[in-house]
Amino acid sequence: MARKTTAAKRTRRNAPPIAEFDRDQEFEALRTMLLVRRFEEKAGQLYGMGYIGGFCHLYIGQEAVVTGMFMARRPTDDVITSYRCHGHVLVSGADPKAVMAELTGRVHGVSKGKGGSMHMFHVDGHFWGGHGIVGAQVPLGTGLAFANRYMEDGQATLAFFGEGAANQGQVYESFNMAAIWKLPIVYIIENNRYAMGTAVTRSAAKPEELYMRGAAFGIPGEQVDGMDVRAVKAAGERALEHVRAGKGPYILEMQTYRYRGHSMSDPAKYRTREEVQKMRQEHDPIEQVKSRLLEKGWAEEADLKAVDAEVRKIVSEAADFATADAEPPAEELWTDIYARGEG
Ligand SMILES: Cc1ncc(C[n+]2csc(CCOP(=O)(O)OP(=O)(O)O)c2C)c(N)n1
């Protein structure tokens, strides 16, 4: 008799076949991922030039995760993530000029220049940050999903976090509550293989099965090729259908990779250059889309270059804006903060 496979046991090996994209979807994915990639490259340059200070965690290599999930979500679904948030805020529809101005600490930044790289917000796009405390966005996201359920607004929440954060206690308290209350939340583990500098194989028990981390709470999970935007979108749709149907939370483990260091100050001594090179050459999410477009005869090289040029222009204008904008005035020190006076 064939053994039953529960959703919690589904892996990449027996996951449903990847749904192909049509031409428009391939172009949408290409444009979105290129915007994030070029934006991040520019942010890295501006950091080197001293325009951006403090922490700055780049998302280069992981673009398919946020792009595929946003292609699967409804625009009113809520989203929350960690400090590695530039891609998420851009894809949620924030103006690239305002995102770059936040990085340079200027007054027209998305958080008025007072949040910086780790604290991006775009409430109109239902993007709720940008959180510097590892794992903190998981209970906060669970709260968003509680609000979704309480308000009966038909919305769901996407909570992104790293595989390092997946070892935190607050994650499991959140899983428990979300499972009890059948909250409409998709927990997305962005497994980029290295937390600050420690390989997942050294820091996690059962590192090959992070998607099973909800099994004790009855939360189904799936492992997804997070470098293939089509696989991400298809898995995102399955997960969102599940949570919207009132069946409770769902976990997606995205197997992805970050090309740059953990943050700008990371010498990345914990991995070889060859490993990074191999991922870039063989699994790059943007190159995969370009190859498909060319192979299917849906685009010529010139069309791909045109998309890149269009995106580079947006990014270059964002950089010009962000380096010319004013710094927040001193009075802004007293706004948007919780302060307790005497008595
Ligand atoms: C509670 C807490 N502990 C430690 C840190 C320092 N810290 C910042 S990022 C990080 C690694 C997190 O890795 P992961 O969750 O895999 O996310 P990634 O950076 O790979 O996206 C650590 C330990 C922190 N910010 N907050």
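Biologist: Is T198 buried, exposed or partly exposed?

Modeller: Please bear in mind that this is a predicted model. A residue counts as buried if 20 or more other C-beta atoms lie within 10 Å of its own, and as exposed if 12 or fewer do. T198 has 14 other C-beta atoms within 10 Å, and is therefore partly exposed.

Biologist: Where in the chain does T198 lie?

Modeller: T198 belongs to the loop that runs between β3 (185–191) and α7 (200–203). Its C-alpha atom is 32 Å from that of A101, a residue 97 positions away along the chain.

Biologist: A101 brings us to helix packing. How are two packed helices described?

Modeller: Two packed helices are described by the angle between their axes and the distance between those axes. Here, A101 is one of the α4 residues that meet α11. The axes of α4 (residues 96–103) and α11 (residues 301–324) come within 8 Å and cross at roughly 45°. That angle makes α4 oblique to α11. The crossing is right-handed.

Biologist: Which residues of α4 and α11 meet?

Modeller: From α4 come P96, K97, M100, A101 and L103, and from α11 come I314, V315, E317, A318, A319, F321 and A322. By class, this contact has 10 nonpolar residues, 2 charged and no polar ones.

Biologist: At what angle do α1 and α10 pack?

Modeller: Helix α1 (residues 23–48) packs with helix α10 (residues 285–295) at an angle of about 150°, and the two axes are 10 Å apart. Angles over 145 degrees count as roughly antiparallel, so α1 is roughly antiparallel to α10. In this pair the crossing is left-handed. The contact joins E26, A29, L30, M33, L34 and R37 of α1 to P285, I286, V289, K290, R292 and L293 of α10. These residues divide into 8 nonpolar and 4 charged, with no polar ones.

Biologist: How many helices and strands does the protein chain have?

Modeller: The protein chain has 11 helices and 5 strands. Its radius of gyration is 20 Å, close to the 20 Å that the globule rule gives for 343 residues, so the chain is as compact as a globular protein of that length. Along the principal axes, the C-alpha atoms fill a box of roughly 70 × 65 × 40 Å.

Biologist: What share of the residues counts as buried?

Modeller: Of the 343 residues, 48% count as buried. As for contacts between residues at least 6 apart in sequence, 76% join residues at least 24 apart.

Key. Residues are numbered from 1 along each chain as its sequence is written. This is a predicted model: local features need pLDDT of at least 70, side-chain atom pairs count only at pLDDT 80 or more; totals for chains, interfaces and linings use all residues. Helices (H or I, at least four residues) and strands (E, at least two) are DSSP runs, numbered from the N terminus. Axes are lines fitted to C-alpha atoms, for helices over the stretch in contact, and angles run from 0 to 180 degrees between N-to-C directions. Angles under 35 degrees count as roughly parallel, over 145 as roughly antiparallel, 65 to 115 as roughly perpendicular and the rest as oblique. A crossing is left-handed if the near helix is turned anticlockwise from the far one by less than a right angle, and right-handed if clockwise. Two residues are in contact if their C-beta atoms, placed from the backbone, lie within 7 Å. Ala, Val, Leu, Ile, Met, Phe, Trp, Tyr, Cys and Pro count as nonpolar, Asp, Glu, Lys and Arg as charged, and the others, Gly among them, as polar. The radius of gyration is taken over C-alpha atoms; the globule rule is 2.2 Å times the number of residues to the power 0.38.
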